Amino acid sequence: LNGTAWLVDVGASCGSDDTPSSCFLLEAFSALAATGSEGSQGGCPVRALGFEPEPKNFLETSAAIHAGLSALQPRDRGCFELRQQAVSSFSGQAVLHGRAHWASFAVQYYGSWGGHTAVQTVTLDDWWAAAGGDIVALLKVDVEGHEAQVLEGMQHLLRQRRVLVVIMEYSLNWNAGFRAAYRGDAPRGETG
């Protein structure tokens, strides 16, 4: 990889049931960093960014990443950023329903699991405009039924062909939400 490459993990939970070595953000960073040379931002071969809005998941993920950094090369330890934000089709604020590993903007999935948390949202296009870089080498999206809105909020990145690989969770249970989002029927901040 040449220039500044990003690894972006949307829904970056490395929960307490996982060990740091099974944290996607750490594993993918290690693999991508091994393919590149010294990068253009602070010597980082790749920049790693995780978005995790749910408070408990954010704390657990922060701890897992901190624990896993010791296994990395010293130059790579400053290449990580974790933001307590949700990625969506708009930048602002939305309500996350449920708790911990069972939370979503889609109230029909986890609304009865208790907990409604106001969280900050950002589009990937808005993040990219502020952060810059050359490419998103790898984008992972696991947001419990809000995937269509993440894609909607990254239209510029997609049109500019700035994303090389996307890994996305999909469930047939979320089909109605995807259809509604693409028809424009879904309210902002909720799926289906």
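Strand E6 contributes the largest share of the lining of the largest pocket, namely three residues. Strands (E, at least two residues) and helices (H or I, at least four) are DSSP runs numbered from the N terminus. The model is a predicted one, in which local features need pLDDT of at least 70 and side-chain atom pairs count only at pLDDT 80 or more, while totals for chains, interfaces and linings use all residues. Residues are numbered from 1 along each chain as its sequence is written, and side-chain values use heavy atoms, with hydrogens and water left out.

The volume of the largest pocket is about 350 Å³. A pocket is defined on a 1 Å grid over the protein atoms alone as an open set of points where a 1.4 Å probe fits, with protein on both sides within 12 Å along at least five of seven lines; lining residues have an atom within 4 Å of a point. Grid points are joined across faces, edges and corners, and the volume is the space filled by probe spheres set on the points. The lining of the largest pocket comprises 23 residues, and Gly 11, Glu 52, Ala 103, Asp 142 and Glu 144 lie nearest the centre. E4 and E6 are the elements that give two or more residues to this lining. By class, eleven lining residues are nonpolar, seven polar and five charged, where Ala, Val, Leu, Ile, Met, Phe, Trp, Tyr, Cys and Pro count as nonpolar, Asp, Glu, Lys and Arg as charged, and the others, Gly among them, as polar.

Strands E4 and E6 also belong to an open sheet of four strands, with the order E4-E7-E5-E6 and mixed pairing. Strand E4 (86-87) and strand E6 (102-104) are the edge strands, each pairing on one side only. Two strands are taken to pair if DSSP finds at least two bridges between them. E5 and E6 form a hairpin with two residues between them, and Ala 100 in the turn has a positive phi of about 45°.

Within this sheet, His 97 is located in strand E5 (residues 92-99) and stands opposite Ser 104 in E6. His 97 is buried, its relative accessible area being 7%; buried means under 20% relative accessible area, exposed over 50%, and partly exposed in between (1.4 Å probe, protein chains only). The side chain of His 97 makes a polar contact of 2.9 Å with the side chain of His 116. A polar contact is a pair of N or O atoms within 3.5 Å; within protein, one must be able to donate a hydrogen and the other to accept it, and residues adjacent in sequence count only if both atoms are side-chain atoms. Phe 90, in the loop between E4 and E5, is likewise buried at 7% relative accessibility. The C-alpha atoms of Phe 90 and Val 122 are separated by 6.1 Å, although these residues are 32 apart along the chain.

Strand E8 (residues 135-141) is largely enclosed by the rest of the structure, because seven of its seven residues are buried. E8 pairs in the parallel sense with strand E1 (residues 5-10) over six bridges, and runs parallel to strand E9 (residues 166-168), to which three bridges join it. Val 141 stands opposite Met 168 in E9, and the bridge partner of Asp 9 in E8 is Lys 140.

Three salt bridges are present in the structure, each defined by a side-chain nitrogen of Lys or Arg within 4 Å of a carboxyl oxygen of Asp or Glu. Asp 9 and Lys 140 form one of them, at 2.7 Å from N to O. Asp 9 lies in strand E1 and Lys 140 in strand E8, so the pair ties together parts that are 131 residues apart in sequence. Both residues, Asp 9 and Lys 140, are buried. Another joins Glu 60 to Lys 56, with the closest N and O atoms 3.5 Å apart; both lie in helix H2 (residues 55-69), four residues apart, about one turn of the helix. Glu 60 is buried at 15% relative accessible area, whereas Lys 56 is partly exposed at 45%. Glu 81 forms a salt bridge with Arg 83, the closest N and O atoms lying 2.7 Å apart.
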